[in-house]
Number of protein chains: 8
Amino acid sequence: MSKPYVRLDKDNAVVLLVDHQAGLLSLVRDIEPDRFKNNVLALADMAKYFNLPTILTTSFENGPNGPLMPELKELFPDAPYIARPGQINAWDNEDFVKAVKATGKKQLIIAGVVTEVCVAFPALSALEEEFDVFVITDASGTFNAMTRDAAWDRMSNAGAQMMNWFGAACELHRDWRNDVEGLGTLFSNHIPDYRNLMNSYSTLTNKQ
Amino acid sequence: MSKPYVRLDKDNAVVLLVDHQAGLLSLVRDIEPDRFKNNVLALADMAKYFNLPTILTTSFENGPNGPLMPELKELFPDAPYIARPGQINAWDNEDFVKAVKATGKKQLIIAGVVTEVCVAFPALSALEEEFDVFVITDASGTFNAMTRDAAWDRMSNAGAQMMNWFGAACELHRDWRNDVEGLGTLFSNHIPDYRNLMNSYSTLTNKQ
Amino acid sequence: MSKPYVRLDKDNAVVLLVDHQAGLLSLVRDIEPDRFKNNVLALADMAKYFNLPTILTTSFENGPNGPLMPELKELFPDAPYIARPGQINAWDNEDFVKAVKATGKKQLIIAGVVTEVCVAFPALSALEEEFDVFVITDASGTFNAMTRDAAWDRMSNAGAQMMNWFGAACELHRDWRNDVEGLGTLFSNHIPDYRNLMNSYSTLTNKQ
Amino acid sequence: MSKPYVRLDKDNAVVLLVDHQAGLLSLVRDIEPDRFKNNVLALADMAKYFNLPTILTTSFENGPNGPLMPELKELFPDAPYIARPGQINAWDNEDFVKAVKATGKKQLIIAGVVTEVCVAFPALSALEEEFDVFVITDASGTFNAMTRDAAWDRMSNAGAQMMNWFGAACELHRDWRNDVEGLGTLFSNHIPDYRNLMNSYSTLTNKQ
Amino acid sequence: MSKPYVRLDKDNAVVLLVDHQAGLLSLVRDIEPDRFKNNVLALADMAKYFNLPTILTTSFENGPNGPLMPELKELFPDAPYIARPGQINAWDNEDFVKAVKATGKKQLIIAGVVTEVCVAFPALSALEEEFDVFVITDASGTFNAMTRDAAWDRMSNAGAQMMNWFGAACELHRDWRNDVEGLGTLFSNHIPDYRNLMNSYSTLTNKQ
Amino acid sequence: MSKPYVRLDKDNAVVLLVDHQAGLLSLVRDIEPDRFKNNVLALADMAKYFNLPTILTTSFENGPNGPLMPELKELFPDAPYIARPGQINAWDNEDFVKAVKATGKKQLIIAGVVTEVCVAFPALSALEEEFDVFVITDASGTFNAMTRDAAWDRMSNAGAQMMNWFGAACELHRDWRNDVEGLGTLFSNHIPDYRNLMNSYSTLTNKQ
Amino acid sequence: MSKPYVRLDKDNAVVLLVDHQAGLLSLVRDIEPDRFKNNVLALADMAKYFNLPTILTTSFENGPNGPLMPELKELFPDAPYIARPGQINAWDNEDFVKAVKATGKKQLIIAGVVTEVCVAFPALSALEEEFDVFVITDASGTFNAMTRDAAWDRMSNAGAQMMNWFGAACELHRDWRNDVEGLGTLFSNHIPDYRNLMNSYSTLTNKQ
Amino acid sequence: MSKPYVRLDKDNAVVLLVDHQAGLLSLVRDIEPDRFKNNVLALADMAKYFNLPTILTTSFENGPNGPLMPELKELFPDAPYIARPGQINAWDNEDFVKAVKATGKKQLIIAGVVTEVCVAFPALSALEEEFDVFVITDASGTFNAMTRDAAWDRMSNAGAQMMNWFGAACELHRDWRNDVEGLGTLFSNHIPDYRNLMNSYSTLTNKQ
């Protein structure tokens with residue numbers, strides 16, 4: 001393989017949060033709810049921490065699909081927010097694509113509900129326009145594992161890179177020395193095992 | 001990736017339902033029976049809803065493989081129905097291929113029992129003739145997950161796109177505004193969680 | 001063991017359907033949704049088929065818990081329907097207990113959402129008053145398998161008998177000769193594998 | 001615990017094979033089919049090996065439930081064979097109970113399909129009449145693990161002992177010296193891992 | 001069963017949180033970490049909400065077992081806090097037992113890490129002294145499911161009641177009318193699916 | 001995809017059975033033993049049924065790896081049998097490669113124990129020499145599912161086609177009319193669910 | 001519950017290791033092999049650490065069942081070692097029972113292969129003679145989880161206490177102050193997660 | 001496929017062990033701890049056995065990530081040991097890359113914790129520089145199976161070969177005759193099932 005390794009670059013990445021709405025969340029059964037909620041908020045905190053431009057979009061939020069997770073609205077009060085009037089594929093909505101292109105970024109970090117539709121459709125559309133697409137798999141959910149596997153297969157075959165929020169954060173950060181405390185706090189807030197390590201560590205080192 | 005994203009197009013798609021027969025259904029153990037039955041009927045209702053040409057075929061239906069699910073016969077009384085005299089790969093049956101080609105469609109939406117034979121064989125044959133093939137994974141079943149994984153690998157490597165019926169319906173519909181009620185009814189009839197959302201929603205909004 | 005085997009008796013049994021409401025149903029994750037919906041409707045159809053007195057109750061149905069599954073209301077238009085104003089344990093509601101006692105039956109067939117609360121609490125209360133309690137486990141759901149296991153342990157230790165709807169139907173019916181067609185239809189409508197058997201059978205026997 | 005340990009005794013045991021019929025077998029999904037078929041045949045071979053009186057019974061074998069596994073008929077050509085005209089609980093059939101009592105045995109080794117009905121009902125009835133009941137769990141099958149768990153709970157609470165065929169064979173045999181080759185052959189024929197051990201062993205010891 | 005149903009009573013219950021320490025938490029593998037952390041905090045919030053006396057204890061907190069989860073210390077700054085000098089069974093520590101008895105309560109709600117030791121040992125000791133013991137299973141964790149099953153079996157056989165925090169909260173509260181908002185907030189903070197229901201509900205009802 | 005679909009052709013295929021030895025079989029834990037034994041024998045019966053040239057090979061059969069499954073030796077008394085003196089990759093053994101090439105076939109159907117070594121190594125070597133390789137996944141076994149997944153990934157990326165024995169048999173047979181009874185017998189002997197279908201069918205059709 | 005809590009007491013306990021033989025170990029599939037080997041050695045080290053009398057026994061060790069794990073022989077060179085000539089239930093062997101009774105202990109800590117035979121049979125026999133029986137579940141193995149569940153049910157109903165080696169070690173030790181280092185070493189050698197905690201701890205505390 | 005099969009070659013391979021640190025190990029939940037520890041030590045022993053140059057590296061070992069597994073330090077006292085000051089991707093550390101290139105090897109055998117970061121990042125970087133990369137999947141661990149699957153997909157798509165330590169050892173060794181005893185010992189020390197085979201074998205062959 002001689003083609004370059006496409007690495008996430010915090011100066012060239014935008015985060016797309018697609019349809020994390022109260023009703024649709026109740027359809028997600030391939031990830032346990034406590035974990036899924038935590039992952040979505042972790043991705044949002046990551047976007048915030050790295051100051052990545054972030055775009056929110058919803059589908060039919062006044063109907064049964066329900067309102068966007070209020071935590072996301074609060075975290076990104078000034079982010080472009082596209083309440084799509086009907087387009088299922090967010091990329092079919094001109095405002096959404098304009099908002100993406102307005103950032104000037106070529107790397108799309110995308111997550112949403114449900115994976116095979118709200119994530120896969122815009123991912124496939126964006127790949128076709130030569131964007132680099134990074135799917136945050138653990139902040140995306142769907143009906144069951146079989147459906148998820150099929151959606152991953154389709155996106156991966158089209159060139160998307162499958163990641164988790166933790167891997168994305170590490171690839172964006174590159175070097176702990178850029179900010180130990182910030183990244184550590186992000187991890188401590190969203191990875192209980194890591195928080196335990198930090199609690200044990202700080203107890204022991206503070207003691208002396 | 002510069003090759004275009006091949007999207008399902010309701011004006012260019014045909015649905016192939018292969019060997020959903022009473023006997024063969026008893027072989028399916030990679031999906032729980034209540035869910036599988038629901039998925040097959042959902043795919044059939046989807047075909048009906050989008051007015052997609054639909055072709056039914058069976059293998060040895062007078063033997064132990066048993067009769068076609070009667071619900072499918074009832075839904076598509078006028079569809080081409082090819083009771084294959086012996087060909088295991090439906091694509092080896094001239095009448096079946098003729099029926100497919102007579103539709104003039106280039107996108108094949110296929111599901112059947114069992115996945116690695118009744119779906120994979122015609123899918124591979126059709127890909128070779130440059131059709132676009134979309135496998136509806138959750139309306140296709142087989143002996144166990146390991147067999148399914150192998151069948152998916154073979155089809156995906158040959159260029160088939162792996163989908164679920166819900167994803168296919170969303171890709172065909174494109175925009176809720178084309179018909180909110182119709183699509184909503186399709187989902188409500190086959191996705192209990194969605195039905196619950198709609199029941200709660202309509203109760204609350206009717207009340208006022 | 002010399003104590004008599006307490007068998008379900010269709011002349012001495014009442015069915016209690018507790019809190020199968022649209023919102024609460026979205027909490028159920030120990031059973032796959034297609035299967036759970038089917039089981040609840042199967043239990044209801046069973047109650048209907050055996051003409052068992054049936055009592056419906058809900059908790060806070062105007063709030064987020066949501067409305068009762070409409071299918072249940074339709075099946076039992078004349079059944080006692082107790083919309084509890086606040087009691088979590090249905091047995092704490094006088095109207096509910098009165099409705100149960102008014103039937104004069106000593107065998108309670110109970111199912112509900114969620115298992116460890118809406119089923120377990122009235123089951124434990126009724127056992128204390130010397131009712132025989134039969135929990136329909138597969139028409140009762142909760143957050144996860146671990147929670148279900150704990151709830152079963154508590155109810156079983158208190159004397160409840162754990163059953164599935166199919167077992168209950170068989171124990172109530174006693175002998176196929178009482179009505180082959182009726183019971184067969186109940187099974188065919190709610191057990192896809194059984195329906196397949198019947199379809200194959202009737203195709204073969206009608207043919208001759 | 002001072003009550004005596006009720007051990008299987010080959011002079012006091014009878015084997016009851018209930019409803020292992022072709023149609024009903026297709027309902028069994030709590031055990032993988034290759035394993036289940038092997039277990040049922042192992043139990044039958046065990047009954048044969050220990051010369052235990054064995055009773056066969058079926059439910060509606062001319063209908064969709066289908067014929068008894070032909071291997072069982074062949075193994076026990078002279079065994080009482082009660083084709084029940086309608087009773088779901090075999091113990092409700094006088095001929096069946098008479099056949100059991102005619103053996104004069106007090107230990108019932110029972111297996112069947114489906115567990116919560118065809119096994120549990122006669123097991124509970126027999127326990128009430130002070131028989132000792134040993135359920136062969138791995139030669140009994142049903143719709144899913146949840147249903148099995150409930151059935152086991154009901155039978156265990158009523159005093160049944162839950163065993164597998166291998167444990168029963170060992171408890172009946174007591175001492176390898178009673179017949180090394182016979183028991184070894186039984187295990188080799190039905191436990192692939194044991195057969196491998198024996199193949200390796202005999203290759204090495206024959207060689208020298 | 002004529003013995004009374006022992007119901008949790010908020011005027012007669014005390015909460016015992018045993019060894020939820022950073023190091024020990026890393027041993028817990030029978031529950032996913034996000035869910036486990038949430039459950040422990042939910043139980044603590046429940047204790048707070050119902051103003052139940054609460055007792056904290058740790059084992060060797062200056063060694064590898066690590067410090068108590070800081071969130072627990074913060075929630076209960078004035079609770080008895082017994083850092084055990086060595087006793088593995090908290091009930092072997094006089095101060096702990098005194099603290100329990102000082103509350104005058106007879107119902108012990110207990111959770112801890114690891115289940116078969118830190119929970120089971122004091123549970124068994126307390127049952128012997130005729131306390132009623134309610135194990136909060138989902139706020140207790142251990143190495144794997146097999147170990148958990150054995151621990152439950154031992155405690156259940158000795159008379160402990162197995163519950164989850166949600167069931168305990170419901171049994172303590174008895175009637176929503178005692179405080180709808182308070183209980184609703186507790187649930188919304190710790191049950192993502194319930195939070196979704198409430199978000200959808202309040203969006204729809206506020207709108208009008 | 002314009003490259004032709006490489007279909008199994010009974011006139012161009014050879015079966016390679018690699019290291020199905022008693023000792024090595026005890027390492028297989030990604031498939032349940034009853035099922036695995038059945039699959040290996042099914043593949044062997046398939047080879048026999050289609051008269052495919054078959055080659056047996058073993059690794060160190062006089063050591064702990066143990067003797068070849070005796071059933072295989074009996075089925076193929078005249079097949080080339082290469083007891084490799086030490087080569088782990090069978091393709092590194094000249095006699096083995098010669099035996100393969102002597103058949104003149106270009107399609108290799110391969111299975112063995114363990115998957116990532118005894119199957120993958122010769123598969124990769126043969127692909128490099130432009131053979132078409134069909135891995136019979138369910139007659140190949142290894143330590144666990146994770147190891148299997150990695151082995152499949154490596155072989156699939158190199159161009160191998162992943163199949164199960166049933167799929168291979170269907171692709172080789174092409175048309176039931178070539179021999180209904182023969183293929184049906186093969187399936188009946190190795191697929192319990194299929195045997196059940198045939199038993200029910202023949203009972204019903206013989207009856208009239 | 002007023003009957004006393006039967007606690008393991010290091011002055012009143014004996015360890016019985018039954019049939020951990022090379023051949024039989026290959027039958028164990030309810031626990032992953034690395035974990036199982038570790039658990040058996042942990043139990044043995046525990047017996048050694050607490051100086052508990054320990055008794056070894058084997059079944060047919062010159063046949064396919066194979067030799068005892070050599071590590072056990074090395075750890076207990078002077079322990080009674082009963083190579084049973086044929087009795088399947090070790091308690092049927094006089095020498096074994098004599099060896100047990102010679103210790104004068106009333107608490108039997110037992111583990112073996114396979115659970116439902118080599119463990120359950122002597123456990124049930126010993127319970128009948130009023131011994132207290134503690135089954136070390138994770139150092140006992142069998143064919144699959146279903147078989148294990150049935151064996152546990154039978155033993156638990158007869159009064160056995162189900163434990164894991166870690167719980168037994170904690171109950172025997174009572175108080176860390178009896179020997180911190182010894183118990184810590186036992187845990188570090190057999191619980192990788194605990195070893196990690198200790199490594200982190202000692203690195204941090206040594207550093208200062 | 002005409003491109004050559006890239007086989008591991010013991011004269012051209014280097015082993016990279018990345019971040020197997022006490023703290024990070026507690027994050028690994030996609031492999032059971034006993035198995036994971038064994039796999040890591042097996043890989044290390046394999047590197048030693050084949051005299052492969054080996055490079056150790058850690059991330060922030062003085063913080064919560066904790067010290068390297070001491071066993072690794074002891075096995076490779078003279079290996080390059082790069083304690084990275086902050087770079088998350090080891091390939092971003094010049095000393096690490098220099099150490100790799102100094103070996104002159106083109107085949108990188110890599111394992112680490114966590115898979116999607118500490119393994120995937122240097123793997124992708126090295127592939128870009130035309131190294132051949134072999135990921136030892138079972139000596140690499142991460143948060144859960146879903147995360148692992150995504151990491152494998154990314155690495156596999158970039159050209160990495162996914163293997164287990166056993167497969168790598170077999171591919172490096174090529175022929176048992178190179179050293180039967182050495183390889184056998186490596187397997188016996190790390191594969192309990194293989195050790196059992198060898199124990200049975202040597203007992204039987206020594207006896208005569």
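**Exercises on domains and contacts**

Chain A is divided into domain 1 (13–174) and domain 2 (175–208), with bounds from an automatic or database domain assignment. This is a predicted model: local features need pLDDT of at least 70, side-chain atom pairs count only at pLDDT 80 or more, and totals for chains, interfaces and linings use all residues. Residues are numbered from 1 along each chain as its sequence is written, chains are lettered from A and ligands numbered from 1 in the order in which they are written, and side-chain values use heavy atoms, leaving out hydrogens and water.

**Exercise 1.** Describe the interface of domain 1 of chain A and domain 2 of chain A.

*Solution.*
- Step 1: contacts. Contact means heavy atoms within 4.5 Å. Here 13 residues of domain 1 of chain A are in contact with 11 residues of domain 2 of chain A.
- Step 2: area. Buried area is the accessible area (1.4 Å probe) that two parts lose on being put together, summed over both. The two domains of chain A bury about 1000 Å², and carbon and sulfur atoms give 66% of it. In domain 1 of chain A, Y49(A), W165(A) and H173(A) lose the most area to domain 2 of chain A, together 50% of what that side buries.
- Step 3: polar contacts. Take pairs of N or O atoms within 3.5 Å; within protein, one must be able to donate a hydrogen and the other to accept it, and residues adjacent in sequence count only if both atoms are side-chain atoms. The rule finds 7 residue pairs in polar contact across this domain interface of chain A (both at pLDDT 80 or more).

**Exercise 2.** Is L124(A) buried or exposed?

*Solution.*
- Step 1: cut-offs. Buried means under 20% relative accessible area, exposed over 50%, partly exposed in between (1.4 Å probe, protein chains only).
- Step 2: apply them. L124(A) has 3% relative accessibility, so L124(A) is buried.
- Step 3: neighbours. Leaving out residues up to four places away in sequence, L124(A) touches R154(A), M155(A), A158(A) and Y5(B). C-alpha to C-alpha, L124(A) and R154(A) are 8.6 Å apart in space, though 30 residues apart in sequence.

**Exercise 3.** Which backbone oxygen lies 3.0 Å from a polar atom of the side chain of H20(B)?

*Solution.*
- Step 1: accessibility. H20(B) has a relative accessible area of 0%, so H20(B) is buried.
- Step 2: partner. The backbone oxygen belongs to A139(B).
- Step 3: other neighbours. Not counting residues up to four places away in sequence, H20(B) touches several residues, including F36(B), P67(B) and V113(B).
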